[in-house]
Amino acid sequence: MTANAPTQPPAAPPTPLGRKKVRGIEGARAWQAFWLLLPTLIAIILVAGFPLYRTIFFSAQEANLTSPGQATFIGLQNFWFTTAEGIGLGFLQDPQWWTAVRNTLIFTVFSVALETVFGMIIALVVNSAFAGRSFLRTAMLVPWAIPTVVSAQMWAYMYNDSFGLIGQGVLGGQALLADSSTAIWAMIAVDVWKTTSFMALLILAGLQSLPGDMYEAADMDGASKWTQFWRMTLPLLRPALLVALVFRSLDALRVFDIMYVMLGANVAASTSMTGYARQQLIDNQLLGVGSAVSVAIFIIIMAIVVIYVTAFRVKFD
Amino acid sequence: MYLKRTNPGLFYLQRTLFYLLVIVITLYLLLPFGWAVLTSFRRATDLFLPPLQFAFAPTTLDNYTQVFANASFRRGLFFSTIVAIGAVAVSLLFGSFAAYALGRFRFRGKQFIMYIILAVSVFPQIAVLGGLFTLITRFNLFDNPIGLMVSYLIFTIPFTVWVLTSFVRDIPGELEEAALVDGASPLQTLFKVLFPVMMPALVTTGLLAFINAWNEYLFALTFMSTNRTVPVVIANYSGASQFDQPWGPIMAASIVVTIPLITLVLIFQRNIVSGLTAGAVKG
C-alpha cells in the first residue's frame, strides 16, 4: 500500500494529520508515515481501544456474559446500589473488594520496595570486579526468564507443609498458603524472587553508564564508598530508577497469576483486584459488575501513572 | 586501594564478606529453580525424604515420560508455540513499519501517537478482558488460537513499537538518505536498507515479546477452554485424585517449558539486556 504513495513533490496530497496544508516533500512524507502507522493503529483500536470502550459501556449496564446483547442501562448502580431492604449490591459496598484492594496495595508497596533494595544490592555487587562476575551476571537472568506460572508452582511446592523445602524443611510443617495473614507475605516473596533480577538489570545498566573518572576524582578527594553511593551514585541513578519503579509498580498492581495459581480462584478474588474483577466477570458471569470493577482498576492504575509521572517528572525518552 | 598493604587483616575480612554475599545472592537466584530441577528427577515416594537424603535419592526419568505421555501437555506446547510465534511475527511486521514512521518521519501528531502507544503498554489487561471476551465470542473465536493470538497484540505491539523506535532513531540517517536519493520507496528502504541494520534489534524485541506471549496466563485462561496453552496446563496439572498434587510431573513440565526460554536468554544475553534497557520497558 505504501509503494503507491507519491514520492514526487508535485503530486503530494495535503497531509492528513495536520490542519495546515503542507505541500511538497514534507506532505508526502507525512502521508507515508500515516500508511506505515496504519496497521499498528488498527491493531491497537481492535485489541485495546474498542474493548476498553465496551468495558466502559458495560460498566453502566446490567448484562450477563452469555447474552451481552440484552443489556439494560442502570447508570452507576453496578458501583453503588442499595435495595429497598437495605442490601448493598454495588461492588463498592462489597467488603471483599476492599480486602482485595488492601491486599493488592500491601503486595505492591512491599514487593516493589524489596525488589528495589535487593536489585540495588545485586547490581552493585555485579558492577564491581571479582572472579565469577560474568557467572553471576548470567545467573541473574534465570528467575526473570522463568514463566510466572512456573515460578508460582515451584514456590507452592517449596511452601508445601508436608515436603516443601520451606514449609517442611525450614518452618517444620506450617501451611503458609492456608492462612491469609501469611499467604500475602508468601506471595510477596515469590514476586520479589521473580522480579528482583529485572530491577537489578535496569539498575546495572544505569550504573554502567556512570562516568568512571568521577569516582576516581571522589577517591582522590577522600570520599568514602558510602558517601560516594549516597551523594553520587543514587542521585545519578534517579531517572533510571524511577522509570523502573513506575513499570514495576504497575505490574505489581495488576498481579493475578501468582495469586490465582497458588491460592485458587476464590482466595485470589480477595487478594488481587484483578482476581476479584475476573471472578465477577467470568465465574459469576456478571458482565456489568465485572466491567465496573475493571473500570475502577483502570482508573486507579492510570491515576497512579499520572501521579508518578508528574510528581517525579519521569521522562520516557 | 592500598588496604592490602596497609591493613591486610581488614582487606581479607572485606573480601571474605564480599564473597559470602556473592554466594548468598547466587543461592537465592538459583536454588528455587535448582530444587525444581532436582525434584523433576525424583520418584514420588522419595518426596517425603529430608532435604539431604532427597538430594542423593535415586534419579528417575519417570516424571518426564509421564509428562510427554500427557496429551493435554503436548497440545499445550503446540498451541503455545503457534500463538506466541504468530503474535510475535505480526508485532514485528507492524511494529517495524510503525517504528520506521515514528523514528524517521516528521509529521504532526507524532507525539500524540507515542503517548497512545505508551498508554496501551501500561493498560491493565483486566480493563479489556470483558470487552475482548464479548468481541471474541461474537466472532466465534472462543477456544481458537487465532483469537488468543490477536488478543496478545495488546501487549506485544506497544512493546515492539516502543523498543524498535528507539533503535531506529539510533541508526545513522545517511544510509536511508542514500536510498531515498536513488529513488527507493519507503517500503524498499525499510526492507532493503533498514532491516539488515535492525536485525539484532528485531531478534531481541522478538525474543522478549515471545517470552511475554509464552508466559501469558490471564487471557489464555479466559479465552481458551480445551485448546489450553502451557501456563494453564501447568497451573491445572492434576494427579489421580484431587488432593494429591503430582509435584514430580508438575516440576518436570515446568522445566520442559522453561528450558527453551532459559537457553534463548543465555544465547542472546547481551541483546536482551540492551533490549530491556532501551526505552526502559516492562519485562
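Student: How many bridges join strand E1 of chain A to strand E2 of chain A?
Tutor: Three bridges join E1 (residues 61–64) to E2 (residues 67–73) in chain A, and these strands run antiparallel. Two strands pair if DSSP finds at least two bridges between them. Strands (E, at least two residues) and helices (H or I, at least four) are DSSP runs, numbered from the N terminus.

Student: What joins E1(A) to E2(A)?
Tutor: A hairpin does, through two residues. Across the pair, Glu62(A) stands opposite Thr72(A) in E2(A).

Student: Before we go on, what kind of model is this?
Tutor: This is a predicted model, in which local features need pLDDT of at least 70 and side-chain atom pairs count only at pLDDT 80 or more, while totals for chains, interfaces and linings use all residues. Residues are numbered from 1 along each chain as its sequence is written, and chains are lettered from A and ligands numbered from 1 in the order in which they are written.

Student: What does chain B average in pLDDT?
Tutor: Chain B averages 87, and 95% of its residues score at least 70. pLDDT is the predictor's confidence in each residue, from 0 to 100. The model scores ipTM 0.88 and pTM 0.87.

Student: Where does pLDDT stay under 50 in chain B?
Tutor: That happens over residues 279–283 of chain B, for which the model has 16 contacts beyond four places in sequence. Two residues are in contact if their C-beta atoms, placed from the backbone, lie within 7 Å.

Student: At what angle do H1(A) and H5(B) pack?
Tutor: H1 (residues 25–58) of chain A and H5 (residues 71–104) of chain B pack at about 135 degrees, with their axes 8 Å apart. Axes are lines fitted to C-alpha atoms, for helices over the stretch in contact, and angles run from 0 to 180 degrees between N-to-C directions. H1(A) and H5(B) are therefore oblique to each other. Angles under 35 degrees count as roughly parallel, over 145 as roughly antiparallel, 65 to 115 as roughly perpendicular and the rest as oblique.

Student: Which residues make that contact between H1(A) and H5(B)?
Tutor: Among them are Leu36(A) and Leu37(A) of H1(A), and Phe94(B) and Phe97(B) of H5(B). By class, the contact has ten nonpolar, two polar and no charged residues.

Student: Back inside chain A, how far apart are the axes of H7(A) and H9(A)?
Tutor: The axes of H7 (residues 180–208) and H9 (residues 225–253) in chain A are 9 Å apart, at an angle of about 155 degrees. The two helices are therefore roughly antiparallel to each other. Asp191(A) of H7(A) and Arg248(A) of H9(A) are among the residues that meet there. The classes are nine nonpolar, two polar and two charged.

Student: And what angle do H9(A) and H12(A) make?
Tutor: H9(A) and H12 (residues 287–312) of chain A pack at about 170 degrees, with their axes 11 Å apart. That makes H9(A) roughly antiparallel to H12(A). The contact includes Ser249(A) of H9(A) and Tyr308(A) of H12(A), and its residues divide into nine nonpolar, one polar and no charged.

Technical notes
Nonpolar A, V, L, I, M, F, W, Y, C, P; charged D, E, K, R; others polar.
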